[in-house]
Amino acid sequence: MPKVLISDKMSPKAPEIFRARGIEVHEKTGLSKDELAAIIGDYDGLAIRSSTKATAALIAAAKNLKVIGRAGIGVDNVDVPAASAAGVVVMNTPFGNSITTAEHAIALMFALARQLPEADASTQAGKWEKNRFMGVELTAKTLGLIGAGNIGSIVADRALGLKMKVIAYDPFLTPERAKDMGVEKVTLDDLLAKADFITLHTPLTDSTRNILSAEALAKTKKGVRIINCARGGLIDEAALKAGLDSGHIGGAALDVFVEEPATASPLFGTPGFISTPHLGASTDEAQVNVAIQVAEQMADFLLTGGVTNALNMPSLSAEDAPKLRPYMALAEKLGLIVGQLETAEIRGVKVEVEGAAAQLNIKPITGAVLAGVMRSFSDTVNMVNAPFLARERNIEVAEVRHERDTDYQTLVRVTVRTPEGERSVAGTLLGSQFPRLVEIFGIKVEADFSERMLFIINEDKPGFIGRLGTTLGEAGVNIGTFHLGRRGAGAEAILLLSVDQPIPEQLLWNVCRLPGVKTVKALKL
Ligand SMILES: NC(=O)c1ccc[n+]([C@@H]2O[C@H](COP(=O)([O-])OP(=O)(O)OC[C@H]3O[C@@H](n4cnc5c(N)ncnc54)[C@H](O)[C@@H]3O)[C@@H](O)[C@H]2O)c1
Ligand SMILES: O=C(O)[C@H](O)COP(=O)(O)O
């Protein structure tokens with residue numbers, strides 16, 4: 001039974017779902033990084049929000065970990081490259097808390113426009129400072145969105161309902177999408193110059209870090225009010241403080257900070273500054289949404305191999321996973337064969353599918369082929385990290401789907417390219433389940449796969465099979481199955497034997513010395 005650890009505060013819906021699906025679940029929140037590292041090795045899955053830091057060190061300690069599920073959007077607390085390299089799938093729930101976070105941005109915009117926190121504190125202190133708190137209307141004001149993805153577009157929709165004009169800076173926003181959203185796509189400089197309110201809705205990346213730098217803030221309209229419910233680090237906090245102190249910036253509301261938890265900040269106490277402790281996603285509705293989604297996604301993956309919302313693996317529905325499983329087994333075996341037979345540097349891998357296979361999602365098949373091909377130089381390679389390893393090694397990967405009639409009901413062909421040329425193997429599924437090898441290096445064969453195989457290329461000459469049988473028998477190695485294919489009578493022939501015992505090195509030498517033998521290789525599938 002798979003085991004999952006929930007290490008951040010999550011709705012009870014998550015453990016309920018894990019248990020209902022037959023997964024053992026433990027909830028341990030507030031662990032130190034050492035405490036977490038000490039126990040993580042016991043778990044197949046880790047469910048987190050933003051507090052747990054899934055660092056490379058934690059992932060290295062997580063010997064059984066298969067999936068990290070983020071109940072929320074941002075995965076900047078997960079070392080995704082380290083997870084990918086370790087073959088751990090990272091999933092998030094990209095839509096479950098978007099409305100809630102957009103509403104928080106709108107709430108902060110209102111709070112800034114009417115100085116609600118200060119007015120509340122003053123009133124409750126018995127001051128009744130009616131003349132101190134003069135606000136501004138939102139109607140007809142310009143809202144500048146930096147980032148117009150899921151949350152940004154919901155904010156835009158709500159702001160348009162408030163009769164604001166919405167402009168957006170997002171290099172990936174198409175003019176068509178901007179038109180559909182009812183916003184004007186602008187440059188960053190344009191946005192800075194025109195916006196009365198600016199709200200940020202991008203991830204923190206190299207291109208967005210300090211997007212509101214001192215220089216950018218200096219280009220804003222005097223009195224601008226700024227909201228950040230996305231990520232700390234998008235705004236230069238020192239420059240923001242200076243802008244508030246000078247009066248150039250009319251107000252700022254931060255839900256997120258460079259350092260979290262933010263228990264001390266030069267911004268605290270600055271007039272016009274409002275803060276919340278990373279509450280963007282904190283509503284009952286959003287937390288139930290993300291808890292249900294993350295638990296279902298993780299359970300699907302651990303129980304069926306289904307993949308949804310993974311950041312480092314192609315999606316695979318729980319419904320398609322059982323259909324694809326035999327193909328992935330076939331693909332991995334084909335990859336193992338070419339990977340072990342190829343001695344030259346592999347520069348490219350081509351995966352072709354025909355017949356029934358052409359109707360399926362090819363990505364998991366390719367992942368399995370690559371895992372097989374690279375198993376000969378990495379023990380830890382799996383479908384998740386194989387594409388990354390291939391990229392690291394500059395192996396070009398191509399996928400081809402043939403919509404043509406084939407001799408087989410379904411076919412997967414794998415071709416590797418090396419400086420010495422191309423070689424390919426092909427396989428099919430018998431009864432949609434059982435992998436069969438049908439072609440190897442251009443020669444037709446009909447072979448099943450077994451754990452230990454002996455691959456031989458020889459000249460098709462009488463007496464060879466007898467001599468081979470004797471050689472194996474003398475070494476105490478029993479032949480399970482025997483498959484023969486040849487280019488023609490007397491031409492090059494391929495022999496594939498499954499054997500019951502491990503093949504000693506000396507036996508390979510003895511086979512190699514038999515007359516007519518060109519290549520001998522022991523395969524482990
Ligand atoms: N405060 C919270 O509790 C809370 C809750 C949910 C999400 N978030 C954060 O909100 C952010 C946005 O989430 P989302 O779901 O809308 O993400 P999204 O991926 O749907 O949208 C992000 C948008 O940013 C744009 N973008 C990327 N680089 C950009 C750049 N250099 N300049 C301008 N735009 C750029 C992208 O094109 C995309 O449209 C994320 O950082 C997420 O982690 C915070
Ligand atoms: O990216 C997110 O989803 C938000 O930052 C929410 O974070 P939280 O789950 O820690 O509230």
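Colleague: Which helices each supply at least two residues of the shell around ligand 1?

Modeller: Helix H5 (98-114) and helix H7 (150-161) do. Helices (H or I, at least four residues) and strands (E, at least two) are DSSP runs, numbered from the N terminus. This is a predicted model: local features need pLDDT of at least 70, side-chain atom pairs count only at pLDDT 80 or more, and totals for chains, interfaces and linings use all residues. Residues are numbered from 1 along each chain as its sequence is written, while chains are lettered from A and ligands numbered from 1 in the order in which they are written.

Colleague: Which element gives the largest share of that shell around ligand 1?

Modeller: H7, with 3 residues.

Colleague: And which residues come nearest to ligand 1?

Modeller: Gly 74, Gly 147, Gly 149, Phe 172 and Gly 280, out of 31 residues around ligand 1. A residue is near a molecule if its C-beta atom, placed from the backbone, lies within 6 Å of it.

Colleague: How do the shell residues around ligand 1 divide?

Modeller: Into 13 nonpolar, 15 polar and 3 charged. Ala, Val, Leu, Ile, Met, Phe, Trp, Tyr, Cys and Pro count as nonpolar, Asp, Glu, Lys and Arg as charged, and the others, Gly among them, as polar.

Colleague: Which domains does the shell around ligand 1 draw on?

Modeller: At least three residues come from each of domain 1 (1-95 + 282-308) and domain 2 (98-275). The bounds come from an automatic or database domain assignment.

Colleague: What other domains is the chain divided into?

Modeller: Domain 3 (313-441) and domain 4 (449-525). The centres of domain 1 and domain 4, taken over C-alpha atoms, are 48 Å apart.

Colleague: Now ligand 2. Which residues are around it?

Modeller: Among them are Arg 49, Ser 50, Asn 97 and His 278. Gly 74 and Gly 280 are also around ligand 2, and both are on the list of those nearest to ligand 1. The shell around ligand 2 divides into 2 nonpolar, 7 polar and 1 charged.

Colleague: Which residues of H7 are buried?

Modeller: Ile 151, Gly 152, Ser 153, Ile 154, Val 155, Ala 156 and Ala 159. A residue is buried if 20 or more other C-beta atoms lie within 10 Å of its own, exposed if 12 or fewer, and partly exposed in between; C-beta atoms are placed from the backbone.

Colleague: What do the buried residues of H7 pack against?

Modeller: H5, strand S6 (142-146), strand S7 (165-169), helix H8 (175-181) and strand S9 (197-200). H7 is followed by Lys 163, whose phi is positive, near 70°.

Colleague: New topic. Is Asp 34 buried or exposed?

Modeller: Asp 34 is exposed, because it has 9 other C-beta atoms within 10 Å. Asp 34 lies in helix H2 (residues 33-39).

Colleague: And where does Ala 318 lie?

Modeller: In the loop between helix H12 (284-304) and helix H13 (320-341). Ala 318 counts as partly exposed, because it has 17 C-beta neighbours inside 10 Å.

Colleague: Which residues is Ala 318 in contact with?

Modeller: Asp 300, Thr 304 and Gly 306, leaving aside neighbours within four places in sequence. Two residues are in contact if their C-beta atoms, placed from the backbone, lie within 7 Å.
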